[in-house]
Amino acid sequence: MKSDRLQRLLSVGLAGTWAVMMGCGGGSSTITPTPPSTPTTPPSSGSNVQSITVNTGPTANYIDGAFTSVTVCVPGSTTSCQTIGGILVDTGSSGLRILSSALTISLPQQTGANGSAIVECLPFVDGITWGPVQTVDLTIAGEEAKSLPIQVIGSSSFPTIPGGCTSNGAPEDDLASLGANGILGVGNFAQDCGSACTESGGSNPGLYYSCPNSGCVVTTEALSNQVPNPVVLFATDNNGVIIELPSVTGAETSVSGSLIFGIGTQSNNGLGSATIYTIDPNIGNFTTVFNNISYGDASFLDSGSNAIYFLDANTTGLPICTDATYWYCPTSTQNLSATNQAFGGGATGSVNFVAGNADTLSANLNNGVANGLTGPNPGSFDWGLPFFFGRKVYTAVEGKNTPGGAGPYWAY
Amino acid sequence: MNSRIISGILVMLALPLTMSASLGGDATSVQMDQAKMQGTLRTTSRDSYTVHEIQASTGVAVKEYVSNAGKVFAVTWQGSFHPDLRQLLGAYFDQFSEAEKAQRTQRRGRGPLLIQQTGLVIQISGHMRSFLGKAYVPQLLPAGVHAEDIR
């Protein structure tokens, strides 16, 4: 007991030292103050633990988003640094992306073989982010990713978005459209694109562009230059993350939790009794069964989705909200159950969840947290942030070993 | 001279002139899409419509639903990336783009897209490396065909 306590004090002390060290750089500034939180369980501590807060975020309008802060420095510098809050923690993507409008330091630009700037077009489900690939030294909790390629969104240096990029959707290039100062993608994939972007010709999906003065053209991008899940660049604790959030009933102002780096690499990140659900290594999905119908290889856990989005009104019997086609509005809160199954067989486990009236849950704009927020997602289950309430959810990165086997997998 | 090359050249020549439509367009736009996506084509016929399946070179599987009257009334896609939505949605792309922006502003957060307008329904879901999409024009659905038939 005594040594445990000592260790915890030491870890807290170390984290504190980090915060001071990173906070005193010449170029430092904090963009978004984190509002006070009301934790219902003691948060984890340690040099691999970053606090996260579910609240209305930097737009003062978000509901069910997990936000954190990151410290970025010009590579090799300890003075040209900046701590940026209001960064959305997203297990549904990989890579760190920061709004240009949130950055006050100038970062080095990644260039291609011909010396031209590399600029990325990153497709999300509801739009795209466009902007240059630049390099930072990232510090988060006690972890560092040196010379990390990130995407800077909405940079005025590259204002013209190619038609091949906007054909994926509308740009999310400011705070209002992105909903955050940035996105910290800590999903199952090691890079955002993967091998497809290393190929030339028609099979290249067109995520990376080379941008000489004459205009941007799609280019190939080696895996090592792609925007990676920052965790894989950590010296240790680099095989995945855990998101730990308290239980939530109804709607609240905010709750606090932890983003813990590494799986089974420290005394505070073991798998314990968690069940491991392997996922399709190509597309990162598993199977969810609801009312005896199996939605095979189409469902996923995604902290970056702000509700549990599943199936449709006909299948679930839940009415769509009259004023919001993306949410369900049952007249009374429904207790529901589904079963998740590992990809290719193996683990199965039931999940109990609630569907409340989204209009009621989201009516008070000061409430940044709601359990029971659900909406349609025809043909599959998108287990968004409410799934993470009251759980420790493990996201293991592809190709990385853990005490529970190699990633990619989810465990909870 | 190889006739496949000639027809290929003809298709390429025809492209800029008839880039008119996919969703809402006529059956010839299916061939346009196939050419644009450098994809392979498979066709399945049902009672009141035909499904043209295009496997794009990026691996994205696209289905275009063509009524017996020759209109593309629905499209679906599935793959690690999005298809070229400007090409696939044709005349409906701008409407989609506006609706997408509006939904992002209205919803208090991020999530799958569900556009439900009188003349256009679009659903896009998934996450990095796995996207699913479906778009249809309710007014163009052949008699007896329901939204659930489009998958």
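Which residue of β3(A) is the bridge partner of Val72(A)? In β3(A), that partner is Gln82(A). The model is predicted: local features need pLDDT of at least 70, side-chain atom pairs count only at pLDDT 80 or more, and totals for chains, interfaces and linings use all residues. Residues are numbered from 1 along each chain as its sequence is written, and chains are lettered from A and ligands numbered from 1 in the order in which they are written.

Strand β3 of chain A spans residues 81–90. Helices (H or I, at least four residues) and strands (E, at least two) are DSSP runs, numbered from the N terminus. Of the 10 residues of β3(A), 9 are buried, so the strand is largely enclosed by the rest of the structure. A residue is buried if 20 or more other C-beta atoms lie within 10 Å of its own, exposed if 12 or fewer, and partly exposed in between; C-beta atoms are placed from the backbone. Strand β2 (residues 66–73) of chain A runs antiparallel to β3(A), joined by 6 bridges. Two strands pair if DSSP finds at least two bridges between them. β3(A) also pairs with strand β8 (residues 182–186) of chain A, in the parallel sense, over 4 bridges. There, Ile87(A) stands opposite Gly182(A).

Chain A is assigned domain 1 (42–233) and domain 2 (272–411). These bounds come from an automatic or database domain assignment. The C-alpha centres of the two domains lie 25 Å apart. Their contact takes 24 residues from domain 1 of chain A and 27 residues from domain 2 of chain A. Two residues are in contact if their C-beta atoms, placed from the backbone, lie within 7 Å. On the domain 1 side, β3(A) gives the most, with 3 residues. That side divides into 11 nonpolar, 11 polar and 2 charged residues. Ala, Val, Leu, Ile, Met, Phe, Trp, Tyr, Cys and Pro count as nonpolar, Asp, Glu, Lys and Arg as charged, and the others, Gly among them, as polar.

Chain A also touches chain B. The contact takes 48 residues from chain A and 36 residues from chain B. On the chain A side, α3 (175–178), β19 (324–328) and β24 (377–383) each give two or more residues. The largest share, 5 residues, comes from β24(A). The chain A side holds 17 nonpolar, 26 polar and 5 charged residues.

Chain B contains an open sheet of 7 strands, with antiparallel pairing and the order β1-β2-β3-β4-β7-β6-β5. Its edge strands are β1 (40–45) and β5 (113–117) of chain B, each of which pairs on one side only. Neighbouring strands are turned by 10° against each other on average, direction ignored. Within the sheet, 7 bridges join β2(B) to β3(B). Thr50(B) stands opposite Val66(B) in β3(B). Helix α4 (residues 93–106) of chain B packs on the sheet, touching β5 and β6 (120–127) of chain B. The direction of α4(B) makes about 115° with that of β5(B). Axes are lines fitted to C-alpha atoms, for helices over the stretch in contact, and angles run from 0 to 180 degrees between N-to-C directions.

In helix α2 (residues 28–36) of chain B, Ser29(B), Val30(B), Met32(B) and Asp33(B) are buried. They cover an arc of only 155° around the axis, which puts them on the same side of α2(B). The arc is that of the directions from the helix axis to the C-beta atoms. These buried residues pack against β2 (49–55), β3 (61–67), β4 (72–79) and α3 (85–89) of chain B. Gln38(B) follows α2(B) and has a positive phi, near 55°.
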